[in-house]
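Please look at the sequence and the structure before reading on.

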Amino acid sequence: MQLYRDVNNNYILDADDEWIDASVNNGDVDDYIRYEDAATGTYFANVSYYNGGEDGFIDYSLSASAELDETSDNGDTAGQVFTGDAEHNTFTGTEYNDTITGGAGNDYLTGGAGDDYLVGSNANALGSGEYDVVAGGEGADTFVIGDSVQAYYQDHAYSDYVSITDFNWAEGDKIVAYGVAEDYHTSEYNGGTDIYYQGDLVAHTENTTDVIVSFDFTFV
């Protein structure tokens with residue numbers, strides 16, 4: 001596994017990007033890269049193919065976390081940007097305002113403190129077939145279940161949706177969604193709230209039944 005920094009900020013791993021470090025283990029054992037004093041920006045973890053297992057393949061999950069030591073002298077509260085891939089990613093944010101995108105795969109995203117922006121899927125994967133879990137933590141967090149083109153987590157009924165563990169409108173939390181309020185309805189389930197887009201389950205709040213589409217949603 002090797003770590004690179006996206007020097008040209010094009011969100012693509014290419015020859016212009018800066019090589020940072022490589023892990024020390026090989027084969028089918030747990031591995032990690034610990035990098036201190038990282039500059040703000042996007043980083044890529046490049047995992048090399050390993051020909052292991054009876055069928056010649058081996059599954060893996062990729063996780064990343066970051067911790068800021070202090071704010072800048074001008075009081076900037078900007079956090080980090082985490083971007084997942086097609087695997088099952090686990091991201092843990094900082095105490096500042098992070099942007100965390102899971103991508104395809106079943107992802108677990110935790111914002112931590114700060115006003116975080118959490119997207120379990122992305123505009124390419126669309127949440128299709130995914131089960132993502134997102135936790136905002138303290139602060140006014142934004143949970144994304146769609147973009148300006150379409151809603152995420154459609155077409156697979158109850159087998160794909162995002163589970164929001166700690167939605168709290170009193171902290172300023174919002175849900176970003178595609179369409180208009182009339183496209184959505186909610187129902188209480190197991191102490192939480194199921195959220196449906198045109199009859200298809202797309203999200204669930206685990207901790208509260210106090211979710212009102214007309215107040216808690218922002219439409220794009």
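The model is predicted.

**Nonpolar core**

The largest nonpolar core holds 27 residues. Those with the most contacts inside this core are Ile 145, Ile 175, Tyr 184, Ile 195, Val 202 and Phe 217. Two or more residues each are given to this core by β9 (117-119), β11 (142-144), β12 (161-164), β13 (174-177), β15 (192-197) and β16 (200-205). The largest share, 3 residues, comes from β13. In soluble globular proteins, nonpolar side chains tend to be buried together.

What does Ile 145 contact, leaving aside its neighbours within four places in sequence? The contacts of Ile 145 are Ala 151, Tyr 152, Val 162, Ile 175, Val 176, Ala 177, Tyr 184, Val 202, Ala 203 and Phe 217.

**Aromatic pairs**

The count of aromatic pairs comes to 10. Two of these pairs are set out below.

| Pair | Distance between ring centres | Angle between planes | Class |
|---|---|---|---|
| Phe 82 and Phe 91 | 5.7 Å | 40 degrees | tilted |
| Phe 143 and Phe 167 | 6.3 Å | 55 degrees | tilted |

Phe 143 is in strand β11 and Phe 167 is in the loop between β12 and β13, so this pair ties together parts that are 24 residues apart in sequence. Phe 143 counts as buried because its relative accessibility is 2%, where the cut-off for buried is under 20%. Phe 167 is likewise buried, at 2% relative accessibility. Phe 82 and Phe 91 are both buried.

One aromatic cluster is formed by Tyr 178, Tyr 184, Tyr 197, Phe 217 and Phe 219. Two of its members, Tyr 184 and Phe 217, are also listed among the core residues with the most contacts.

**Gln 150**

Gln 150 sits in the loop between β11 and β12. With a relative accessible area of 29%, Gln 150 is partly exposed. Not counting residues up to four places away in sequence, Gln 150 touches Leu 126 and Tyr 178; Tyr 178 belongs to the aromatic cluster. Gln 150 and Ala 177 are 27 residues apart in sequence, and their C-alpha atoms are 8.5 Å apart in space.

**Second largest pocket**

The volume of the second largest pocket is about 200 Å³. Its lining is made up of Thr 101, Tyr 117, Val 119, Asn 122, Ala 123, Asn 124, Val 144, Gly 146, Asp 147, Tyr 152, Val 176 and Val 220. By type, the lining residues divide into 7 nonpolar, 4 polar and 1 charged. Tyr 152 and Val 176, both in this lining, are also among the contacts of Ile 145.

Terms used
Residues numbered from 1 in each chain as written. Predicted model: local features only at pLDDT ≥ 70, side-chain atom pairs only at ≥ 80, totals over all residues. Heavy atoms only, no water. 1 Å grid on protein atoms, 1.4 Å probe; cavity = no way out; pocket = protein on both sides within 12 Å on 5 of 7 lines; lining within 4 Å. Points joined across faces, edges and corners; volume = space filled by probe spheres on them. Nonpolar A, V, L, I, M, F, W, Y, C, P; charged D, E, K, R; others polar. Core = buried A, V, L, I, M, F, W, Y, C linked by side-chain atoms within 4.5 Å. Buried < 20%, exposed > 50% of the residue type's maximum accessible area, 1.4 Å probe, protein only. Helix = DSSP H or I, 4+ residues; strand = E, 2+ residues; numbered from the N terminus. Contact = heavy atoms within 4.5 Å. Phe/Tyr/Trp six-rings, centres within 6.5 Å; stacked < 30°, edge-to-face > 60°.
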